[in-house]
There are 2 protein chains.
Amino acid sequence: MGCLDDGRFGAELENGVRIGCAEVGLEEEGNNGAIEDAVKVLLQGLGEDINREGLRKTPLRVSKALREGTRGYKQKVKDIVQGALFPEAGLDNRVGHAGGAGGLVIVRDLDLFSYCESCLLPFQVKCHVGYVSSGERVVGLSKLSRVADVFAKRLQEPQHLADEVCSALHQGIKPAGVAVVLQCTHIHFPNIESIFLESNHQAWVKILVSSGSGVFENKNADAWADFFSLLKFRGINRDKIHFRGSSEPCWCPSQSSLSAKVSSKIEPANPVMVTAVASIIKSLGEDPLRKELIGTPSRFVKWLMNFENSNIDMKLNGFLCGGKDSLNANEEDNLNNKKICSELNIPFWSQCEHHLLPFHGVVHIGYLIFDGFNPIGKSLLQSIVHFYGFKLQVQERLTRQIAETISPLLGGHVIVVVEASHTCMISRGIEKFGSSTATIAVLGRFSTDLAARASFLQSIPSPTSSGEQ
Amino acid sequence: MGCLDDGRFGAELENGVRIGCAEVGLEEEGNNGAIEDAVKVLLQGLGEDINREGLRKTPLRVSKALREGTRGYKQKVKDIVQGALFPEAGLDNRVGHAGGAGGLVIVRDLDLFSYCESCLLPFQVKCHVGYVSSGERVVGLSKLSRVADVFAKRLQEPQHLADEVCSALHQGIKPAGVAVVLQCTHIHFPNIESIFLESNHQAWVKILVSSGSGVFENKNADAWADFFSLLKFRGINRDKIHFRGSSEPCWCPSQSSLSAKVSSKIEPANPVMVTAVASIIKSLGEDPLRKELIGTPSRFVKWLMNFENSNIDMKLNGFLCGGKDSLNANEEDNLNNKKICSELNIPFWSQCEHHLLPFHGVVHIGYLIFDGFNPIGKSLLQSIVHFYGFKLQVQERLTRQIAETISPLLGGHVIVVVEASHTCMISRGIEKFGSSTATIAVLGRFSTDLAARASFLQSIPSPTSSGEQ
């Protein structure tokens with residue numbers, strides 16, 4: 001098995017472009033080395049041991065994910081579209097418009113991801129793209145997706161992405177017009193300092209942008225009416241859409257007023273780490289001095305430092321129940337007098353230590369309490385969840401650490417369920433949009449009593465309303 | 001840009017496996033040649049001109065799509081899982097189960113596709129996979145997806161696929177147990193002969209299968225209860241699930257009783273085409289004499305012949321209105337007395353001529369009629385849609401041909417919208433699950449009157465209830 005098995009590479013062969021593998025291999029490896037070194041600097045800046053098992057290959061993984069996620073810099077639209085333009089009859093335009101002469105073609109709901117040029121975090125894109133044919137010629141449908149992907153796989157800003165896809169398709173297909181609508185979703189981490197001030201923190205920032213050429217050039221053109229009619233039921237509000245040339249403030253949460261206010265209070269980003277991030281941007285083929293990118297390394301480092309490794313342990317033993325983590329016979333007898341209490345949908349934010357990419361979701365906690373016993377407050381549980389979230393993590397460990405910490409506080413019988421969406425399942429080769437991961441820890445009675453476990457698990461609400469998009 | 005930019009190939013590098021590009025390239029090209037020759041035989045068997053522009057590269061495209069879709073034959077699970085097993089602390093099992101010791105991990109909603117070993121059409125898979133950890137060791141989450149993909153990318157049957165994924169993960173991770181649940185969806189073409197007999201033809205055949213090892217070996221095991229609790233709201237009915245060892249009749253519609261009954265009446269498949277399909281199966285690395293595959297070439301050819309190129313034209317001119325396709329002045333004046341009539345959601349089935357893969361969806365037809373005028377029947381429109389569907393097609397052409405044919409019957413003012421899901425957008429490199437394509441043809445008044453167009457387009461119901469899954 002090798003490179004020829006890849007669909008994308010295959011597409012290039014199909015279009016008559018082939019690059020020697022060996023040569024590219026050497027070049028890539030050279031650049032990967034520079035990125036890997038920079039990632040090591042970042043890990044050290046976070047206070048991590050770069051030789052720890054889970055982190056040992058993290059520089060390699062981050063480097064590969066970033067290369068994969070920005071491979072669009074090395075792709076050419078011409079290579080993709082050429083050879084995929086097909087002659088197709090149309091109608092005499094006195095009769096009407098169809099097929100290769102004036103027929104409108106729309107491909108809807110293409111899932112893409114891109115990297116935010118402001119903060120380097122991936123953002124998700126639901127892409128709808130169409131064109132009005134001209135010259136008795138249509139383009140293979142998959143090429144609309146492939147071309148959009150070329151520009152998505154770069155450091156981007158939504159409006160710029162829409163404009164680039166639109167212009168490239170217009171040049172490549174030479175149709176009567178091209179229309180692009182993008183629904184973009186950017187993860188929005190709360191600031192660790194202000195996390196308890198923002199009770200209604202929104203986990204996502206969303207923006208709707210569009211770009212049009214030819215018959216779609218004017219945002220009030222008739223062609224847009226047909227286009228939007230066929231995007232019905234996709235949650236697109238035409239009044240809220242941004243068009244080419246609109247000058248809106250940056251959508252990225254790292255540049256929002258709250259973040260700026262908070263970050264102005266804290267010390268400036270570690271300059272060694274900032275330099276390392278700038279070198280990564282350069283290795284990807286970008287100019288770190290491009291005006292949109294100048295502040296990016298510093299913003300990324302400030303965000304990353306939320307996950308600094310702290311040696312502070314949670315000293316909670318004895319807080320409530322005095323560190324019970326095993327059961328004695330008397331206690332067992334009393335278990336039947338207890339009932340299940342639960343805290344559901346506690347939001348959490350964390351960072352995957354294998355890929356330095358966010359994962360995010362909700363924690364559900366169940367425990368057994370005596371009738372009449374006053375359970376501990378939700379805010380303490382939230383604090384514990386945040387404490388273990390804001391680190392380099394894996395979901396399995398996060399789940400265990402929360403369970404171990406709350407167990408002595410809650411009498412030893414606890415169940416913890418963590419449901420999360422992992423950016424690393426999207427913004428790398430596997431691109432599994434919509435997948436989600438659930439992990440469970442069961443202690444005491446919950447590890448043996450199926451009915452208790454089932455009763456708690458049944459009380460968990462639909463994941464679509466609890467942290468996923 | 002080259003092979004190193006691919007995430008999947010990157011994953012192999014990450015796991016320390018590398019195969020010389022040049023060598024693989026030659027081998028692949030040899031096999032591709034054999035598949036291409038076989039595809040040419042199939043196209044000629046369909047009565048097509050293999051030098052026609054849209055078909056010229058079809059053998060190459062089909063060959064690449066098939067190689068891509070069956071690359072799993074050349075992948076090894078060991079290469080994927082090795083290097084992605086991480087040490088992770090667990091709990092003393094007297095206290096409970098969490099992390100690397102007894103913690104349950106589930107990855108839900110992985111979109112995959114596979115090729116049906118009975119008929120060679122791709123089928124979609126929604127995969128849910130989990131394991132209970134053991135030995136203070138967890139596996140990188142993406143590897144669950146990658147391993148499932150290795151077995152999906154082969155000629156498969158759902159239960160066998162679930163069993164293979166389960167066994168491979170069990171051997172690779174050595175956990176306390178592995179659980180796999182697959183929701184599989186197979187396109188179900190109506191037989192062209194019986195299309196008007198099946199008024200409630202279901203466009204999809206669905207099956208729910210599962211496989212378990214270790215603590216999931218017994219289908220009534222407690223571990224399954226936790227697993228299913230976390231798959232709530234995914235339309236999974238535990239009572240309808242198939243478990244390993246259940247002996248159900250083949251799910252593939254090509255082997256269903258109706259298809260068998262109909263096909264028994266028609267002549268046997270063209271032996272030259274059957275031999276060509278058998279040679280394709282062999283080139284992919286499969287044994288065409290494996291018992292599940294023996295009848296596959298013949299079934300595929302019988303299905304393919306539904307799309308035989310016929311020289312019969314639709315002789316409908318004069319049927320109703322006498323071939324009007326242009327308007328005169330008097331007619332223009334009368335247009336305001338007309339109202340929009342529509343036939344929505346006429347199902348269609350077709351075959352993409354670029355990839356020999358199905359596309360399927362609904363056609364919406366609108367036209368202007370005089371008040372009191374009796375519109376032509378839905379069944380005639382359905383016949384026209386089927387006539388143009390059952391060919392090698394592109395959606396743009398299908399739309400135009402339907403519009404051109406019905407226009408003279410309906411007075412020259414027609415709008416045709418075709419909404420479709422293309423298998424070729426899923427079962428190749430781009431894997432855009434959930435995407436859909438809309439095309440429009442507008443004739444007469446509909447090509448100039450935005451309000452008439454908008455009024456019709458607004459009447460089209462949600463696409464999620466009209467042909468997509």
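A:Asp226 is buried, at a relative accessible area of 10%. Buried here means under 20% relative accessible area, with exposed over 50% and partly exposed in between, using a 1.4 Å probe and protein chains only. This is a predicted model, so local features need pLDDT of at least 70 and side-chain atom pairs count only at pLDDT 80 or more, while totals for chains, interfaces and linings use all residues. Residues are numbered from 1 along each chain as its sequence is written, chains are lettered from A and ligands numbered from 1 in the order in which they are written, and side-chain values use heavy atoms, with hydrogens and water left out.

Back to A:Asp226. This residue sits in helix 8 of chain A, residues 222-229. Helices are DSSP runs of H or I with at least four residues, strands are E runs of at least two, and both are numbered from the N terminus.

What is A:Asp226 in contact with, leaving aside neighbours within four places in sequence? The list is A:Leu104, B:Ile440, B:Leu450, B:Arg453 and B:Leu457. Contact means heavy atoms within 4.5 Å.

Now the helix pair. Two packed helices are described by the angle between their axes and the distance between the axes. Helix 8 of chain A and helix 16 of chain B, residues 450-458, have axes that come within 9 Å and cross at roughly 10 degrees. The axes are lines fitted to C-alpha atoms, for helices over the stretch in contact, and angles run from 0 to 180 degrees between N-to-C directions. These two helices are therefore roughly parallel to each other. The cut-offs: under 35 degrees is roughly parallel, over 145 roughly antiparallel, 65 to 115 roughly perpendicular, and the rest oblique. From helix 8 of chain A, the residues that meet helix 16 of chain B are A:Asp222, A:Ala225, A:Asp226 and A:Ser229. Their counterparts are B:Leu450, B:Arg453, B:Leu457 and B:Gln458.

Next, chain B. B:Trp224 lies in helix 8 of chain B, residues 222-229. Buried or exposed? B:Trp224 counts as buried, at 0% relative accessibility. Beyond four places away in sequence, B:Trp224 touches residues including B:Val180, B:Ser210, B:Phe216, B:Arg238 and B:Phe243.

B:Ser210 comes up again with B:Gln159. B:Gln159 is in helix 7 of chain B, residues 158-173. B:Gln159 counts as buried, at 10% relative accessibility. A polar atom of its side chain lies 3.0 Å from the backbone oxygen of B:Ser210.

On to the strands of chain B. Nine of the eleven residues of strand 4, residues 122-132, are buried, so this strand of chain B is largely enclosed by the rest of the structure. What joins strand 3 of chain B, residues 104-116, to strand 4 of chain B? Ten bridges do, and the two strands run antiparallel. Strands pair if DSSP finds at least two bridges between them. B:Leu110 stands opposite B:Cys127.

Last, chain A. Strand 8 of chain A, residues 204-212, has eight of its nine residues buried. Strand 7 of chain A, residues 177-187, pairs with strand 8 of chain A in the antiparallel sense over nine bridges. One of the bridge pairs is A:Ile187 with A:Trp204. Overall, chain A has 16 helices and 13 strands. Of its 469 residues, 62% count as buried.

Definitions and conventions:
Polar contact = N/O pair within 3.5 Å; in protein donor to acceptor, adjacent residues only side chain to side chain.
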